Amino acid sequence: MPQIDIPSQFDVLVVGAGAAGLYTALCLPESLRVGLITKETVALSASDWAQGGIAAAVSPEDSPTLHIEDTIRAGAGLCDRTAVEFLAQLAPNCIQSLVDLGVAFDRHGQALALTLEAAHSRNRVLHAADTTGREVTTTLTAQVLRRQNIQVIQQALALSLWIEPESNRCQGISLFYQGKITWIKAGAVVLATGGGGQVFAQTTNPAVSTGDGVAIAYRAGAILRDLEFVQFHPTALTKPGADRFLISEAVRGEGAHLVDNEGRRFAFDYDPAGELAPRDVVSRAIFSHLQRTAVDLATAHVWLDMRPIPAEKIRHRFPNIIKVCQHWGVDVFHEPIPVAPAAHYWMGGIVADLMNHTNIPSLYAVGETASTGVHGANRLASNSLLECIVFGAQMSQIELENIELPSEIPILPSRKFSIDLSEWHIQQAHLEALREKLPRLVWESAGICREQSRLETAIGTVESWQQDFAALPLSQFLLALHPAEPASFDLPDIERQLRLWAETRNLLDVANLILKSAAFRTESRGGHYRLDYPQPNPYWQVHTLVKTHHWWKSPILS
């Protein structure tokens with residue numbers, strides 16, 4: 001990718017180029033100079049992988065009130081009603097904005113086509129075949145690239161927030177780009193970095209989803225919330241060698257059956273709604289069923305049978321699922337798909353209000369990296385893309401503090417990192433081993449079912465790995481950099497290796513936060529299930545909050 005000169009300051013920096021980051025950049029006033037940073041290219045994000053669709057009450061048979069009630073019911077007592085009302089009431093206008101931008105949702109004649117997904121009381125999920133996320137992000141990307149006020153900085157890695165020590169205001173970021181670390185000032189920083197599914201061995205998330213925004217914000221002193229609540233999608237393709245490709249919930253909404261090796265629809269043993277029960281219920285049903293019947297849990301799966309859906313409807317609605325399954329040797333028209341649960345969506349994140357403010361002045365959070373209160377303990381299907389758009393739209397009202405950014409940022413001498421090549425290779429091997437071991441540990445100890453002793457053992461292991469990580473020569477060099485102090489490297493493969501270092505650091509922090517939050521909450525609720533505390537507890541109808549190693553509970557929610 002050609003090198004571009006990056007200005008030393010912007011009015012607003014947006015970190016992340018999924019639906020939340022792209023739409024935020026488009027909604028920011030065009031009078032502002034916006035930098036949009038992505039560690040990959042602008043077309044690679046979890047939003048791009050979103051298949052099912054985007055929920056909104058746009059049909060005459062539906063209403064925002066019904067959407068609100070469905071969302072709150074799914075959220076298992078932890079939704080913020082004000083935030084949910086905000087989301088559902090603004091949804092129809094936001095859908096119209098996407099249509100106006102050129103998003104080609106499927107239609108029946110002139111009307112927008114709507115499908116049903118689990119825990120929705122009405123057909124309200126808009127879609128573009130089974131690649132809705134790709135359609136939305138492709139359209140938004142094309143619009144972003146046309147905007148004169150937005151500079152897209154690709155294959156650049158945000159390492160840390162630049163906090164002004166006296167005011168505690170976020171004044172920019174440190175960025176690794178084209179082999180160097182630079183510091184970029186901004187009137188505001190928006191974190192839109194998505195989730196952290198890569199902390200789990202089994203995940204539907206792309207490789208970029210390493211919890212960067214949550215980890216970066218946590219280290220800077222942001223308040224985080226409800227990090228134990230992870231949604232495990234019940235139906236990810238499970239074949240040796242294949243990525244855990246998500247088989248959309250819309251497949252079950254259209255009539256597919258979940259069956260075991262005997263062809264029996266076992267999900268009804270666990271819930272009257274069967275395969276259309278909320279995601280956490282279906283995931284636990286599969287997990288419990290496999291524990292009783294499978295020999296090897298690592299490769300175990302059940303089956304998703306699409307054959308009850310008319311073949312023509314499958315071709316029209318799910319062309320991408322047909323293609324991916326075909327690639328892995330599964331013909332969905334003649335045989336069921338092997339599926340098992342995988343980590344899918346992180347309900348918790350950086351606490352943000354309806355205008356995306358965090359507790360750090362001039363720092364905002366949008367999308368999956370934020371905790372706005374709309375998802376509670378368990379997200380309602382297809383509310384995630386909606387959250388990106390509804391909350392991204394609020395950034396049109398940003399009011400930058402009247403802070404004079406200096407016309408010239410003082411340039412400190414650049415520090416250079418040097419290391420013996422044999423030691424460099426040893427360090428990289430250590431990082432790669434950590435990156436491989438960590439997701440397995442988190443999946444085994446904080447996956448679908450959790451309990452105290454395994455959580456505590458895993459916490460001890462992660463903390464010892466964090467100490468090992470901090471002792472690495474590259475860690476000692478990077479963690480000693482002063483704000484505004486640039487750095488350079490003269491080493492082979494530095495782009496890949498520094499990204500491995502940064503993502504491993506973020507994943508270690510994210511793992512620690514999830515494990516400790518899961519150990520802190522001694523009940524089961526929504527996406528968090530404890531074998532040793534299998535019931536919800538009214539005293540735990542509270543948010544879990546954390547800031548700089550300190551956990552506490554919010555007041556009990558009504």
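**Group meeting: a walk through the model**

Let's start at one residue: leaving aside positions up to four places away in sequence, Ile150 touches Ala25, Leu26, Val34, Leu36 and Val144, where contact means heavy atoms within 4.5 Å. Before I go on, please keep in mind that this is a predicted model, in which local features need pLDDT of at least 70, side-chain atom pairs count only at pLDDT 80 or more, and totals for chains, interfaces and linings use all residues. Residues are numbered from 1 along each chain as its sequence is written, and side-chain values use heavy atoms, with hydrogens and water left out.

Back to our residue. Ile150 belongs to strand β8 (residues 150-154); helices (H or I, at least four residues) and strands (E, at least two) are DSSP runs, numbered from the N terminus. Is Ile150 buried or exposed? Ile150 is buried, at 9% relative accessible area; buried means under 20%, exposed over 50% and partly exposed in between, with a 1.4 Å probe and protein chains only. From its C-alpha atom to that of Glu254, 104 residues apart along the chain, the separation is 40 Å.

Now the helices. Helix α3 (residues 64-74) packs on helix α4 (residues 81-101) at about 135°, and their axes are 9 Å apart. Axes here are lines fitted to C-alpha atoms, for helices over the stretch in contact, and angles run from 0 to 180 degrees between N-to-C directions. That makes α3 oblique to α4: under 35 degrees counts as roughly parallel, over 145 as roughly antiparallel, 65 to 115 as roughly perpendicular, and the rest as oblique. Which residues meet? From α3 we have Pro64, His67, Ile68, Glu69, Thr71 and Ile72, facing Arg81, Val84, Glu85, Ala88 and Gln89 in α4.

β14 is joined to β15 (residues 302-305) by three bridges, and Val259 has Trp303 in β15 as its bridge partner.

Finally, another open sheet has three strands, ordered β3-β7-β6 and paired antiparallel. Its edge strands, β3 (54-55) and β6 (114-115), each pair on one side only. Two bridges link β3 with β7 (residues 125-126), and Ile54 stands opposite Leu126 there.

Note on methods. Two strands pair if DSSP finds at least two bridges between them.
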